[in-house]
Amino acid sequence: MVSSTIVLYSVLNKLRLMKLKFLGTGSGWGVMIHQKRATGGIWLEMNDEKIIIDPGAGFLCKAKEYGIDPTDLTAVVVSHNHTDHATEINVAIEAMITGHDGKYGTVLASHNVLNTSDKYIRILSRFHEDLPERVLEMAPGSEANIGKIKVYGTKTEHYETKCVGFVFEGSKKVGYTSDGTYYPGMGSQFEGCDLLIVNNFLPHGNFMPGHMNTEGTIMLAMEAKPKKIVLTHFSEQMLETGPSHEAVLIEKQTGIPTTAAEDGMEIIG
Ligand SMILES: [Zn+2]
């Protein structure tokens, strides 16, 4: 009985097209420092690749807590140089190359993660830059690949001006807005997504330059028309209002199934 259960599990594992696990759903200074929600990033498995998107503070600990082996990584993807997105990029690279002789894996990251600017020091160390097989800079309009997955860079309007979002097109099409406010036309970059992950920082009725609120997510969703929406990256205000409440508002307005992510939540598609 036990062995047939294991066989069934491994068959189902092979049949699944995509798996996401949230190693964190928090955002911003206060939420991150007090870990009101974790900030370890999003684990994506698709087309035999295992990718960490935005390994912020706590990535390694949350991976262990949720039963993920970080040495399985084949790619590290970082949208911008904020601590809740990029703090553990070097740790993630060390995990990725563990068990491999020589250079291994892919790093895709925005300009300010790979370069020092007037405001930010380069977060990727010179030592860790030499460990992966490829380190590629991503910007809006960039294209790259991780194995069979095509990755496209999308434009953001965030106060870290080099921030970039992503579309991962493999056995499923998954969009990730990263941080930033809505702007007209934003949705065209995410058309045809099976799943759109939105960093819905603020609840409805709240506005802050460079950050997405619920009204912005509704406008984005009306343009992009994804099959499903998942909200994440919640601020203090969002946690007070209740992310699930905002998800209901978005679903009512757009007709698109919308879920508010929880730490450790898994999506299998
Ligand atoms: Zn940010």
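Predicted model: local features only at pLDDT ≥ 70, side-chain atom pairs only at ≥ 80, totals over all residues.
Which residues does Thr 74 touch, not counting residues up to four places away in sequence?

View 1. Thr 74 touches Glu 49, Lys 50, Met 96, Tyr 104, Gly 105 and Thr 106, with residues up to four places away in sequence not counted. Its place is in the loop that lies between α3 (59-65) and β4 (75-78). Thr 74 counts as buried because its relative accessibility, 12%, falls under the 20% limit. With one of these neighbours, Glu 49, Thr 74 makes a polar contact from side chain to side chain (2.7 Å).

**View 2. The aromatic pair of the model.** The count comes to 1 aromatic pair. The ring centres of Phe 166 and Phe 168 are 5.9 Å apart and the planes stand at 40°, so the pair is tilted. Phe 166 is buried, with a relative accessible area of 0%. For Phe 168 the relative accessible area is 0%, and this residue is buried.

**View 3. A charge over the ring of Tyr 183.** The charged end of Lys 155 sits over this ring, at 4.1 Å from the ring centre.

**View 4. Helix α8 and its packing partners.** Helix α8 spans residues 214-224, and its buried residues are Thr 214, Gly 216, Thr 217, Ile 218, Leu 220, Ala 221 and Ala 224. In an α-helix, residues three or four places apart point the same way, because there are 3.6 residues a turn. Lys 225 follows α8 and has a positive phi, near 50°.

Conventions: Residues numbered from 1 in each chain as written. Heavy atoms only, no water. Phe/Tyr/Trp six-rings, centres within 6.5 Å; stacked < 30°, edge-to-face > 60°. Buried < 20%, exposed > 50% of the residue type's maximum accessible area, 1.4 Å probe, protein only. Lys NZ or Arg CZ within 6 Å of the ring centre and 35° of its normal. Helix = DSSP H or I, 4+ residues; strand = E, 2+ residues; numbered from the N terminus. Contact = heavy atoms within 4.5 Å. Polar contact = N/O pair within 3.5 Å; in protein donor to acceptor, adjacent residues only side chain to side chain.
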